[in-house]
Every structure is written in C-alpha cells, then in structure tokens.
Amino acid sequence: MARLYVAGGNAVSVIEDGSIETGLDGRGARCLALDPKDPDTLYVGTSDEGIFKSEDGGGTWEKLSGIEHPRVTAVAVSPTDGAVYAGTEPSALFVSRDGGGSWRELEGMRNLPSAPTWSFPPRPWTSHVRAIALSHADPDLVVAGIELGGVVRSADGGETWQDQRPGAQADCHSLFAHPGAPELLYEAGGGGFAQSTDFGESWEGADGGMDLHYVWGLAADAEDPSLVYTSAASGPGRAHGAGSSNATIYRRSGNERWQPVLEGLSAFPYALCQDPETPGTLYAGFGDGTILRSADAGAQWEEVAQVASGLQALTAVSA
C-alpha cells in the first residue's frame, strides 16, 4: 500500500505499513503538498500558524517564515521547476523558489478587478485561496481557485493574471491537473463540476449524471486522466453540518455520464487521491477521520486507517 499523508484533525498523520505517526499536533494543519521529486519533502499549511516543511517524511518539522498571513489555505509544488506556491486568507498568493527559504507575494492576483467582490459566506468580510493547480508542462502556468471568487489564471509564473475564467465555478473547492494530459484541468465547486482543455483558459460545466452539485473532493486515475472521481453533497449544510452528509462519491470515464460508486454516506468525503503507481486505486478521506481504499476503480472499498476527525487533505506516495 502507498504511504499516505493526512492534514486535519489538528495534526499531520503519516500512514505506512499499518502504522500511524502524527506530527504538528495542535498546529491546525489544513492543507499539504508533496515535492514531486522527493516524496519525503512536504509542506503543510495551518489555520493560524503559517506554513511548515518536513524533509524526512513528517518526522521533523521546520516552521517557515516570510508569508505575511498566518492562515495558509492552499499549497502546491511545481512538478517542472520545484517552485512552491502558498495561498492564504485573506486571498493572496506567495511563491518560494528556494524550497521555502524565502517568499514573495504575487501581488497581481490580489489586484485583479474582481478582488473586491470576493467573499466567503461563513466569514463574508474575507475570502481565501482554496486551490492551486500547476502545469506539468509549463512552469509559468498557474491557476488559483478562490473561495468564493472564481478561478484566476497566470501564464507568466504569477506576475500578471487573467481574471475570473468564463465557465468555471465561482465557489472553487478543488483543482486537479494530470501529468498524462498537460492541457487538462478539473474543478470541483460549490455549484458543480467543471473542466478545461486549455489549462484553465476556458471552462465548461460537466455534471451529466450527478444529482448532487455541491462538489468537493477530486482525483483522477494514475494512468488514465479521463477516469476521474469526485465527491458531492446537496449543499454546504449537508456537507459540513452535524448530521449525515448523505454524500456520494462519483466516477466518470471519458465522455460517459457520472456514476455513483458510494452513496448515502454519513461522513463527508473531503479528500480523494489516487495511488500514483497503481492504476485503478483510489483513497477517500472522510471528515470523521475514516480513510477508505478501492483497488478496482471504486467498485469495492475497504477501510485502511482511522485518524482524528477533522480530516481536510489527503495525498499518497509510493511506499
């Protein structure tokens, strides 16, 4: 089984060979990203204590300085040039080109004409960068999803920006780029699922077959970028409330309609991730800390771990 990294439940959990180790306890871990060239190097954003880095698979941690805002809501590492991007609340985007040693704000994003309209319903006076997608082919292509403010795009490494992209979901929850299809980009949003075939320049809705449209988790098969999975509930109250989420995990292959693979779920599946080395294998992380694994593209599932409730992010690397 792959090694899993989990952010949430106020810690980072590392799951490998049946054991669970935790780190950054009490730090409010909420998002994470691996260095694609070194699976032992990861970055974790926290709710109010900035960003941390580990170079030994989560064994030890270093707090990084240089990001103005302590609430880091998204982080990503470029697969082409290793640049690290961190998004924050209030919405701003920072980049490090020396492994987190120093950071610079990409102010052009914050100065977009639509920025004054960005607003997060539970805290309407603010918004945050919820997702960052980086191209597997072009180090200058950067796409950021604002909750709530739309999807914005840069073709020059974040120096200048295209404002809200037509057809994208305004309430962005997740973005996913696949190394096997460098022009393809998927978005899960509060109003449904969208996809782009020009890495975020233009978008179209693609909800056929879904009966739930508050979409959150997002992943695609390691080998087949057209085999995509997502999770959804009927609305934010169901997804994040105290009762049953009644959520569904969906699967779509190619141009087929979405098909449910798990329905009527009590806990909400906040995080989906593919096994990077094993086609057909998918992991699902739930808000109550349950982690499930399917080895047959979602047909059957087994529980592989239980971590603290509050899970928000999940990623897998080859063990």
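D48, R71, E89 and R123 are joined in a network of salt bridges, a salt bridge being a side-chain nitrogen of Lys or Arg within 4 Å of a carboxyl oxygen of Asp or Glu. By this rule the structure holds 14 salt bridges. The model is a predicted one, where local features need pLDDT of at least 70, side-chain atom pairs count only at pLDDT 80 or more, and totals for chains, interfaces and linings use all residues. Residues are numbered from 1 along each chain as its sequence is written, and side-chain values use heavy atoms, with hydrogens and water left out.

Another pair to find is E49 and R27, whose side chains meet in a salt bridge at 2.5 Å, N to O. E49 sits in the loop between β5 (38-46) and β6 (51-54) and R27 in the loop between β3 (19-23) and β4 (29-35), so the pair ties together parts that are 22 residues apart in sequence. Strands here are DSSP runs (E, at least two residues), numbered from the N terminus. E49 is partly exposed, with a relative accessible area of 25%, and R27 is partly exposed at 33%; buried means under 20% relative accessible area, exposed over 50%, and partly exposed in between (1.4 Å probe, protein chains only).

Across the whole structure, the search finds zero disulfides.

Key:
Disulfide = S-S within 2.5 Å. Helix = DSSP H or I, 4+ residues; strand = E, 2+ residues; numbered from the N terminus.
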